[in-house]
Amino acid sequence: MVKEDLSGRRLSYEGHLCTVRWQGEIDSLKGHWLGVEWDDPSRGRHDGTYAGNRYFTCWSKKPTAASFIRPDSKRINGSQSLLCALKAKYGSENTRKGGDGKSGPIVISGKEVDEVGFDVISKKQSAWSDLTIVSLDGLHIDSLNHQSPHLQQDHGKETTNLLSGLNWKELDLSRNLFNDWGEISSICKYLRALRVLKLK
């Protein structure tokens with residue numbers, strides 16, 4: 001069976017970010033493995049050399065920048081699109097509305113609390129066009145939307161209209177899972193007011 005080429009793919013493994021540098025079989029171990037280089041070079045166990053054989057070379061010169069992980073491990077966190085992350089963090093116009101379109105009561109520790117303050121915060125956060133500073137740091141984002149994850153594909157009229165109307169001046173996309181600069185460019189091209197882009 002031919003395995004999907006994952007070389008260069010960004011992954012989150014138990015919340016720790018890494019880049020796939022190699023994939024294949026290891027002489028003394030059974031099954032298929034991914035050789036990854038950790039963003040935190042102190043997290044690994046080796047530098048791409050295992051049992052005297054070099055499988056890959058890391059960009060980092062630290063002796064503990066790399067590890068081998070299983071490609072089907074449940075410890076690999078899933079990725080999401082920018083639009084999903086945005087909805088999850090900042091909500092949407094319908095975040096707190098029920099099926100009938102009405103807001104339900106807010107209950108904390110078994111007591112119903114005044115909704116006025118929450119409404120103000122919810123409406124402020126859900127009005128994406130009112131935001132000027134947006135932080136989507138460390139949310140496992142890998143694309144603008146999963147339906148069309150590459151720059152050369154059409155992101156759709158709805159997405160274009162949504163992002164083009166935003167007034168974001170600063171956007172933090174640090175510690176995410178983008179595989180190439182093209183996807184970041186495809187996000188930024190819609191954000192005409194953007195002045196600061198953070199990509200740690």
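Buried is used here for residues under 20% relative accessible area, exposed for those over 50%, and partly exposed for those in between, with a 1.4 Å probe and protein chains only; by that scale Leu 197, at a relative accessible area of 32%, is partly exposed. This is a predicted model, in which local features need pLDDT of at least 70 and side-chain atom pairs count only at pLDDT 80 or more, while totals for chains, interfaces and linings use all residues. Residues are numbered from 1 along each chain as its sequence is written, and side-chain values use heavy atoms, with hydrogens and water left out.

**Overall build**

- The protein has 4 helices and 14 strands, where helices (H or I, at least four residues) and strands (E, at least two) are DSSP runs numbered from the N terminus.
- Of the 200 residues in the protein, 38% are buried.
- Contact means heavy atoms within 4.5 Å, and among contacts between residues at least 6 apart in sequence, 61% join residues at least 24 apart.
- The protein exposes about 12,200 Å², of which carbon and sulfur atoms supply 50%; accessible areas come from the Shrake-Rupley method with a 1.4 Å probe, and for residues only the protein chains shown count as cover.

**Nonpolar cores**

- A nonpolar core is a set of buried Ala, Val, Leu, Ile, Met, Phe, Trp, Tyr and Cys residues joined through side-chain atoms within 4.5 Å.
- The largest nonpolar core holds 23 residues, and those touching the most other members are Leu 82, Val 134, Leu 136, Trp 168, Leu 171, Leu 173 and Ile 187.
- In soluble globular proteins, nonpolar side chains tend to be buried together.
- Leaving aside neighbours within four places in sequence, Leu 136 is in contact with residues including Leu 82, Ala 85, Leu 86, Ile 141, Leu 171 and Leu 173, and also with Lys 89, Asp 172 and Asn 176.

**Helix α4 and strand β14**

- Because 6 of the 8 residues of α4 are buried, this helix is largely enclosed by the rest of the structure.
- The buried residues of α4 are Gly 182, Glu 183, Ile 184, Ser 186, Ile 187 and Cys 188, and they pack against α1, β12 (141-143), β13 (170-172) and β14 (196-198).
- Leu 197 lies in strand β14 and, with neighbours within four places in sequence left aside, is in contact with Leu 171, Leu 173, Ile 184 and Cys 188.
- Leu 197 and Leu 173 are 24 residues apart in sequence, and their C-alpha atoms are 7.4 Å apart in space.

**The largest pocket**

- The largest pocket has a volume of about 310 Å³, and 14 residues line it, with Arg 10, Phe 178, Trp 181, Ile 184 and Leu 199 lying nearest its centre.
- On a 1 Å grid over the protein atoms alone, a pocket is an open set of points where a 1.4 Å probe fits, with protein on both sides within 12 Å along at least five of seven lines, and lining residues have an atom within 4 Å of a point.
- Grid points are joined across faces, edges and corners, and the volume is the space filled by probe spheres set on the points.
- The lining divides into 6 nonpolar, 3 polar and 5 charged residues, with Ala, Val, Leu, Ile, Met, Phe, Trp, Tyr, Cys and Pro counted as nonpolar, Asp, Glu, Lys and Arg as charged, and the others, Gly among them, as polar.

**Individual loop and strand positions**

- Glu 14, in the loop between β1 (10-13) and β2 (16-25), has a positive phi of about 55 degrees although it is not a glycine, and at 42% relative accessibility Glu 14 is partly exposed.
- Arg 175, in the loop between β13 and α4, has a positive phi of about 55 degrees although it is not a glycine, and its relative accessible area of 46% makes Arg 175 partly exposed.
- Gly 91, in the loop between α1 and β9 (106-108), is buried at a relative accessible area of 11%, and its C-alpha lies 8.8 Å from that of Trp 128, 37 residues away in sequence.
- Ala 51, in the loop between β4 (49-50) and β5 (53-54), is exposed, with a relative accessible area of 62%.
- His 32, in strand β3 (residues 32-38), is buried at 17% relative accessible area, and 6.7 Å separates its C-alpha atom from that of Arg 70, 38 residues apart along the chain.
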